[in-house]
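Have a look at the structure first, then read on.

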Amino acid sequence: MVRFTAEDEELLDAYSRAVTGVVEKAGPAVAGIGAGRGGGTGVLFTPDGYALTNAHVVGKARQVSVSLPDGSTHQGQVIGADPATDLAVVQIDGSRLPAADLGESAPLKVGQLVVAIGNPLGFSFTVSAGVISALGRTLRAQDGRLMDAIIQSDVAMNPGNSGGPLVDSRGRVVGINTAIIMGAQGISFSVPVDTARWVLGELMRHGRVRRGVLGLAGQTRPLDRRLARHHGLAQRSGVEVMEVVRGRPAEQGGLRDGDIIVSLGGRVIASVDEVHKLLGGDSIGKPLSARVLRGAALVDLTVTPSE
């Protein structure tokens with residue numbers, strides 16, 4: 001028989017109070033999202049009915065069903081979705097609706113208590129708690145881009161938790177749950193709320209996330225060591241241009257098939273993912289210096305991404 005000391009009981013009570021306090025504060029804003037045969041979770045972040053969820057939860061739907069913990073069901077309009085970060089914004093009609101506080105993900109610490117609320121496997125309003133296991137993970141999004149700064153936790157999640165909030169001990173949303181590894185236990189991933197803040201702003205203003213495009217197909221390719229040493233290049237790889245789209249910024253800037261991009265905008269480019277990282281909304285219309293290996297020569301060009 002296990003005996004608890006008074007100190008053990010006090011600690012247990014403190015943990016229980018933290019989790020129940022989180023549920024009382026954030027729980028009323030957690031919604032079930034239904035889209036066709038699929039579904040998931042979302043979280044209201046404004047009293048007038050705007051909610052965050054995953055892009056893969058809404059799919060290509062323009063309207064979804066939204067159910068709240070008070071038993072009410074609403075028709076939701078998909079304001080926009082961003083597969084590159086697996087985030088979407090849905091709106092329902094209403095006022096003075098329960099809304100969760102969006103916190104910050106930058107100050108998070110490994111080992112910090114976090115709570116997930118969602119609808120796993122059809123079991124509505126399920127709570128699970130755990131700790132942050134790691135920060136700064138990367139995951140591949142549906143469109144092939146890498147999602148950066150992903151939060152890994154050991155909070156128990158299952159299909160249906162997608163789009164639900166990851167909440168800190170003060171009841172503030174610090175992440176949007178996005179992925180699990182099937183068959184693994186204690187490994188779950190969430191998009192940081194700092195990313196979500198930026199994405200929801202873009203979706204609410206434009207209905208999409210604006211990103212720059214060069215108009216080329218490329219692949220990561222190792223550099224010839226002798227050639228790299230000759231030109232003073234420290235990196236081991238670059239991005240080989242496989243195809244240039246006619247009339248797009250890459251062609252207009254002078255890039256050719258077979259060129260190997262080694263720097264862009266003054267930054268070293270060693271992979272396709274690093275090109276994607278540079279092509280945010282602020283890159284549109286901004287000239288970028290490009291340094292490429294063309295045969296044995298190092299060539300300097302200028303490309304201006306379009307939207």
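**A first tour**

Arg-96 sits in the loop between E6 and strand E7 (101-102); helices (H or I, at least four residues) and strands (E, at least two) are DSSP runs, numbered from the N terminus. Keep in mind that this is a predicted model, where local features need pLDDT of at least 70, side-chain atom pairs count only at pLDDT 80 or more, and totals for chains, interfaces and linings use all residues. Residues are numbered from 1 along each chain as its sequence is written, and side-chain values use heavy atoms, with hydrogens and water left out.

**Loop residues to look up**

- Arg-96 isn't a glycine, yet it has a positive phi of about 55 degrees.
- Arg-96 counts as exposed because its relative accessibility is 82%; the cut-offs are under 20% relative accessible area for buried, over 50% for exposed, and partly exposed in between (1.4 Å probe, protein chains only).
- Phe-125 is another non-glycine with a positive phi, this time of about 50 degrees, and you'll find it in the loop between strand E8 (113-118) and strand E9 (126-140).
- Phe-125 counts as partly exposed, because its relative accessibility is 36%.
- Ser-271 belongs to the loop between strand E17 (267-268) and H6, and it is buried because its relative accessible area is 18%.
- Leaving aside neighbours within four places in sequence, Ser-271 is in contact (heavy atoms within 4.5 Å) with Thr-220 and Val-239.

**The barrel**

- Six strands make a closed barrel in the order E1-E2-E3-E6-E5-E4, with antiparallel pairing; two strands pair if DSSP finds at least two bridges between them.
- From one strand to the next, the twist averages 40 degrees; axes are lines fitted to C-alpha atoms, for helices over the stretch in contact, and angles run from 0 to 180 degrees between N-to-C directions.
- Strand E1 (residues 30-35) and strand E2 (residues 38-44) run antiparallel and are joined by six bridges, and Gly-34 stands opposite Gly-39 in E2.
- H3 lies across strand E3 (50-53), strand E5 (73-82) and strand E6 (87-91), at about 55 degrees to E6.

**The pockets**

- A pocket here is an open set of points on a 1 Å grid over the protein atoms alone, where a 1.4 Å probe fits, with protein on both sides within 12 Å along at least five of seven lines; lining residues have an atom within 4 Å of a point.
- The largest pocket holds about 560 Å³ of space; grid points are joined across faces, edges and corners, and a volume is the space filled by probe spheres set on the points.
- Of the 27 residues lining the largest pocket, Asp-148, Trp-198, Arg-211, His-276 and Lys-277 lie nearest its centre.
- E10 gives the largest share of that lining, with five residues.
- The second largest pocket has a volume of about 190 Å³.
- The second largest pocket is lined by 13 residues, and the closest to its centre are Leu-214, Leu-216, Val-275, His-276 and Leu-279.

**The whole chain**

- The chain has six helices and 19 strands, and its C-alpha trace spans about 75 × 50 × 30 Å along its principal axes.
- Of its 307 residues, 46% count as buried.
- Among contacts with a separation of 6 or more, 59% are between residues 24 or more positions apart.
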